[in-house]
Each structure stands twice: as C-alpha cells, then as structure tokens.
Amino acid sequence: MDCMVTGGNVKVLAKAIHSLSRIGEELYLEPQEDGLALRTVNSSRSAYACFLFSPLFFQRYSSCRSPVFRCKMAVKSVQAVFRSLSSLEKTVERCRIELNSEKSRITFTLHCKHGLLKTHNLSFQDCESLQAVFDRESCANVLRAQPRLMVDTVLHFPSSLEEVSVSVQRVNECGSGNHVEEEAEHSKAMLTELCLSAEEFEQFTVSCPTRITFCLKEMRGLLMFAESSGLPVSLYFDEPGRPVVLRLTESVLEVNFVLATLSEDSHPSNHKNNNTERLPNPAPADDFMNDDIDSYLIAMETSELAPGGSGCAPPRDTQLRARATSEGEEEEEEEMGRPANKKFRSLFFGSMLPTSSQVTNQTLRSQEVLASDSENEEEGNS
Amino acid sequence: MKFRAKMVDVGCLNHFTRVVNTISKLTKTCTLRLTADNLFFMLSDKVANGGVSMWCELSQANFFDEFQLEGVTAEANEIYLELQPENMSRALRTAQNAKSLKVKLTKKHCPCLTLAAELPSLSSASRLVTHDIPVDVIPRRLWQDFKEPSVPDFDVSIYLPPIKTMKNVVDRMKNLSNHLVLEANLKGEMNLKIETDLVSVSTHFKDLGNPSWDDDGSQGPSQDRDPEAMAHARVDIKKLQQFLAGQQVNPSKGMCNIVNKRMLHFILLHEDVSLQYFIPAVA
C-alpha cells in the first residue's frame, strides 16, 4: 500500500484517528480496493468503529498487490503521529502512508512546510479482518441530524455518565415525535431527560417506537469527528438489544460506528434467540471471539473462517467455558479479558438485572407525570 | 405536600445558579428548606461535632415569578429536603440559556426535585430538558435540628477584606501548613498567620472597620475590651480555603465574628442573599 493525503484531508485523517482512539486500543488497518479502512473495537467488544476513506480521498492511492493484507497496531502510536491537530493544520502539507510488508513497517511521512520531513516508522502485527455484522438497511428507525444537535444533546449529560438511552415515539398527527434521552442509572443518581421535537431532525423515520440504551463514550468519539467535519449523523436502530449504527457519509468517506445496546431482558433464552437471529455467521472460538459471547449484539466476523464451519452457534455454555479456559491459560488474553469482563458485566448485567423492570417503568411513569403536569399547569393558569 | 416554582428571567437564573454553585462547593449534601417566602440552604454539621455549618437564605420573590408551596399542614407550611447541591448545580449549568426554568417536587421512582428547562431549539418547538434530582424528605420531627444559628457570643467582629485577596493569601499559606490562625481586634486590624517548624508567615490587614451589632440586640464585644487586644481562632486551613474558593456571588459585604479560641463565624451579604458559615477552632 502506498497513499498520499494532502491539504485539509490530513486533518480529517488525524481527526479520524483521534476519534478511533476514544474507542479501542488497537487500530486495524486494511487497504482495500475501495479504499483504506481504519477500524477499531473496544475492549469489551461492544463497540466497533470503521472509517473508510475512498481512493478519491487520497491524492494517490494504491492498495496492496496481495489483496489479503491486513494489520493492526496500537492506536496510541498512530495518534502520536498526528498528535497536535492545530500545528498539523498549520505545518503539514502532505502525509504519505506506506506499507513495507517485508520489513513489517508502516511508514507515515509528514511533509511539512520549509521542506521539513517527519517520518514515523511503526511496527505492526498481522491480523484477521475486523468486521462487525450489522444491517442498517433493515433498521426500523432512522434519525438524521446535524452534528450540532447531537453535540448539544450530549452536553446535557455529565461526562462521567456511561450510558444513555434514546427513545422515540411514532410521529403522531400533529407531527410532534419525541426524542428522549435519559440516564439509565440507579435510583440515587440524577436523571436527566431531554425531549427533542421531530422537526429538529433532517430525517425522522420511526416505524417502531422503542427505547434503546447504549454507551455514551463511543458516541462522543463519533461526535467529535462529526462536529469537526460538519457532516450530518444518522442513527439506525431497532428494538433494544440490536445494535445501533451511527453513520456519517460523504462522497469520499464513510464512517460507521456500531454500538451494542442493552437488551430488554437478560433472559438467556432470549439472548440465544437474539443471537441466532442476529448473527448469520456466528463465529466459533477463534482468538478474536473468545470474549465475545452471548447477547452481544455485535458479531465480529473473521475472514479466516471456513465458510462451512460457521453454520450454527455453539451452545452458550461451551462458549462461556471456552472463555474461562483461555483466560486461565493465556496471560495476554487474561489481561485483555479482565477489564472487558468487568465492563461487560456492568454494561449488560450490572445495570440490566436489577433495573430492567425499573427502567422501563420509569419511562412510563415519567411520561405519565409529564402529561399530568401540563394538565396541572393549565389548571393553574386558568 | 406540593411545591412548584417558575423562573423566567435570565439574570435571576444566573444569580440563582451562582448561589447554588457556591453551596455545592461548600458541601456534598445539604438541606433545602422551603417556606412561603424564603429558600434556605443549610448544612447541619454541628460545630460541636467538629464540622462546619452553613446557613444560606434567599428570598424567593427575588428569583421566582411563580412560587406555590403547600407544606405538610397549614400551620407548618414548610418543606425540608435533603439533596446534593452538586446535582442541582449540574442541572442548572445545562439550563443556562433557558427560556424558562420550572422547579417542582415530584414523586418519580423516588421523591425528586425536578428542574425542567425550556431551551431554544432549531425548530419552532422548544427542547425540554428535565433533571430529576433525588431528594430525601425530612420528617417534621427532625425539623428542630435545623434552627437558624444564632450569632455567637463573639469577642471581635470585623469586616473582611475582598474575598479574592483573602483567597490568594490563604491559597499560598495552604501549601505550607494545615492550620491557620485568624486574629482580629477592635481597631479594624486582622491577621492571617501560619506557623510551622520551618517558617512563620503572617499577612496583616488594617483599617477594615468593625461592624456595630448594638442595635439588633445580640451580645457584641464587651465595651471594656481593649481595642488593641486580638481575638484569635486556629482553624483547619482547608475549610477556610473551601469557603473562600467557592464564592461566586461576589458579596457586597462580608464580615467575620471571632469567638476567641472557639470558632469563626463568617457572614456574607449580597443584596437578597445571605450566607453564614461557621468554622470551629482547633486546638
């Protein structure tokens, strides 16, 4: 692979790297025929992000001769190349990315003003393709809005907040669909809710009124990029438990963030259903999949899977056990697995089990309260 | 028990936000007492327990355009709530350019003080942001714990220099020592002192003036006190710093009453808001 980025696109690339660094620790780089794909996944595999820069994004782009080349590296080291966004804008004129597979080096060369060259040689690891399985076309609900609206919305929530819920109601006759965000936290925390009218969105297609909950941190990562690019953000989602896809497109750029959502109930059978329904190709144990189990909503597909071998999902128990042993045996896996587990539990069980009924009740109740309040008000005014 | 209030003026909203921010800097939890005319933020740590206490009084009419309150009974027409001022401060922060702000007591998953702000939006319809701040309703039998503190039987009362100046001095001193001695006399002189094995630092203020307390009947300093004699109290420097650092309501008048070797009593007045703060002396 050999490609050259010039002018303002260097900053776009840099912003993309920064945005990815908010999500995962490793950057998966794959030069494809249709452009350069930069991907990452978070440690608990509940969030996946992909930036696809089309060949036209580059001044010059040639993918690899061998079509299967893929690699990954620490996102931090790539971030270091593009550390200061402001100085980047002022000084860097071009950026060349070259891959030397013999030497196992990826080279970022920044051509700065006054003929200054900054060269970063990074080592990488070969890896499988990272690809989340999602189908945004089938999503019942689509919201599209200017990034400013999303940023303003997220601003109301404290930075420590982990999860956020989005609930939508079908547009009724008066055309006032509501978009509610709410903190799904235990009872002692402050609950914040924001209602947006459907009119504020560029697109507001709701065919299945629902309420989904997902992690805010990753969304903030995307919004950071969206805000600087000024591109409208689309949200594709379905029922709780199905992933939400945040998407940004431009002629030379496509960004997809796929985030897991909390499933409505954590009943095992339900998960299984979700799983089989959701994953046409649920991958069996390969090192990539070891900590990816049950309900999780994002299936990572590896290209190295034998097509025949992935017919049906292995039983849940086996998968769980597989993870347990791999944790015990491989140190590296354990290191990665531990925090992931914790997060996973807090994400899907910790806050799910005790509060699932409570949370749903809360919405109902709070909505009732809202309604009765406006009634009261009228009484008060009259 | 019902409470509902509405604020529309941006100036009032900002002012109220500053008061709440100040409170939230001073304490993690506090008691909010609502009466037909006033709001009180109270911190009930007893001086005897070694803690600080705080008493902040606002007149509701200066902030709210509507204010409806229905207490427990007609004769006890008050509501006492325990809440975390930080939550309230956070909620108000997101309501800064609100067209209106409603505050009401609601029963959700738990009793809540709900702040609902109507925000401008891109369309004709407003954005509505609501924050449900969980509160504990304090039962009537415990109300007696929250009496307004009486002005203590102090030895010296003195006007404070500008809070900012004091803060700058105390911030520096905090790096050197954990305790600070504040002393003042009836000639308008006040000193801030620290003393450690390595260093002694003192900052002198003069011509500050001494408020006269005679007309409101509380016991002021005895007439025969030597005007030059200093009354002093040694306090935890962190508590003093916290008090000075949290000030966002630029007070028009600030004073300090010193009960020799017992405690410091600060009073800040800003138009309609008064804030009292008690810091116990340590040995």
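Which residues do ring pairs link into a cluster? Select Phe51(A), Phe53(A), Phe57(A), Phe58(A), Tyr61(A), Phe225(A) and Phe257(A) and you have them on screen. Keep in mind on this tour that the model is predicted.

**Stop 1: an open sheet in chain A**

Stay in chain A and switch to a cartoon view. Five strands form an open sheet here, in the order S5-S1-S7-S8-S9, with antiparallel pairing. Start at the edges: strand S5 (60-62) and strand S9 (117-123) each have a single partner strand, so one side of each is left without a neighbour in the sheet. Look along the sheet as well; on average, its neighbouring strands are turned by 15° against each other, direction ignored.

Now select residues 2-6 and 92-100 of chain A, which are strands S1 and S7. The two run antiparallel and are joined by five bridges.

**Stop 2: charges over rings**

Show side chains for Arg136(A) and Tyr236(A). The charged end of Arg136(A) sits over the ring of Tyr236(A), 5.6 Å from the ring centre. Then move to chain B for another example: the charged end of Arg33(B) sits over the ring of Phe40(B), with 4.4 Å to the ring centre.

**Stop 3: ring pairs in chain B**

Over all chains, a search of the whole structure finds 18 aromatic pairs. One of them is Phe3(B) with Phe67(B), an edge-to-face pair with 5.2 Å centre to centre and 70° between the planes. Phe3(B) belongs to strand S1 (residues 2-7) and Phe67(B) to strand S5 (residues 66-70), so colour by residue number to see the pair link distant parts of the chain, 64 residues apart. Is Phe3(B) buried or exposed? Phe3(B) counts as buried, because its relative accessibility is 5%. Phe67(B), at 16%, counts as buried too.

Phe243(B) lies in helix H4 (residues 237-245) and Tyr277(B) in strand S18 (residues 273-280), so the pair ties together parts 34 residues apart in sequence. Phe243(B) is buried, with a relative accessible area of 0%, and Tyr277(B) is likewise buried at 0%.

Note on methods
Residues numbered from 1 in each chain as written. Chains lettered and ligands numbered in written order. Predicted model: local features only at pLDDT ≥ 70, side-chain atom pairs only at ≥ 80, totals over all residues. Heavy atoms only, no water. Phe/Tyr/Trp six-rings, centres within 6.5 Å; stacked < 30°, edge-to-face > 60°. Helix = DSSP H or I, 4+ residues; strand = E, 2+ residues; numbered from the N terminus. Buried < 20%, exposed > 50% of the residue type's maximum accessible area, 1.4 Å probe, protein only. Lys NZ or Arg CZ within 6 Å of the ring centre and 35° of its normal. Pairing = 2+ DSSP bridges. Axes fitted to C-alpha atoms, helices over the stretch in contact; angles between N-to-C directions.
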